[in-house]
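Subject: Structure for you to look at

Dear colleague,

I am handing over the structure below, together with notes on what was found in it. Please read the notes with the model open beside them.

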Amino acid sequence: MLMGKSLSRSRWIALVLVAAGVSCVTVSRLAADNTKTKADVSVIPGVLAMLTAAATSGLAASYFEKVLKGSKTSMWARQLQLAT
């Protein structure tokens, strides 16, 4: 994987369950706020956009952690880099 670690089978299952749960909540909120007809609203692009945003956010955080752990700068220098 990105950080040099692999996930166990149970963690992959948990990750899929969390993503499915978030998708269900998003879809149920959309159904509760049904002000438009079903012909005007498509759920699939919204769910795909949400999953894409979550995946890119997770990859960005993992890459940032990898960059920070791989550098030889001091903690103080890292804090200054993050603050500016």
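Glu65 is partly exposed, with a relative accessible area of 35%, where buried means under 20% relative accessible area, exposed means over 50%, and partly exposed lies in between (1.4 Å probe, protein chains only). Please keep in mind that this is a predicted model, in which local features need pLDDT of at least 70 and side-chain atom pairs count only at pLDDT 80 or more, while totals for chains, interfaces and linings use all residues. Residues are numbered from 1 along each chain as its sequence is written, and side-chain values use heavy atoms, with hydrogens and water left out.

The side chain of Glu65 meets that of Lys69 in a salt bridge, at 2.9 Å from N to O; the term stands for a side-chain nitrogen of Lys or Arg within 4 Å of a carboxyl oxygen of Asp or Glu. Lys69 is exposed, with a relative accessible area of 56%. Both residues lie in helix α2 (residues 43-70), four residues apart, which is about one turn of the helix. A search of the whole structure finds one salt bridge.

Helix α2 also holds Ile44, which counts as exposed because its relative accessibility is 56%. Between Ile44 and Val27 there are 9.4 Å in space, C-alpha to C-alpha, and the two are 17 residues apart in sequence.

As for the overall picture, the protein has three helices and zero strands, running α-α-α from the N terminus on; helices (H or I, at least four residues) and strands (E, at least two) are DSSP runs, numbered from the N terminus. Of its 84 residues, 4% count as buried. The accessible surface comes to about 7,200 Å², and 68% of this belongs to carbon and sulfur atoms, with areas taken from the Shrake-Rupley method with a 1.4 Å probe and, for residues, only the protein chains shown counting as cover.

Finally, Leu7, Trp12 and Leu15 make a nonpolar surface patch of about 280 Å². Patches are made of residues with over 30% relative accessible area and no salt bridge, like charges being joined within 9 Å and nonpolar side chains (Val, Leu, Ile, Met, Phe, Trp, Tyr) within 5 Å. Leu15 sits in helix α1 (residues 9-32), and at 46% relative accessibility Leu15 counts as partly exposed.
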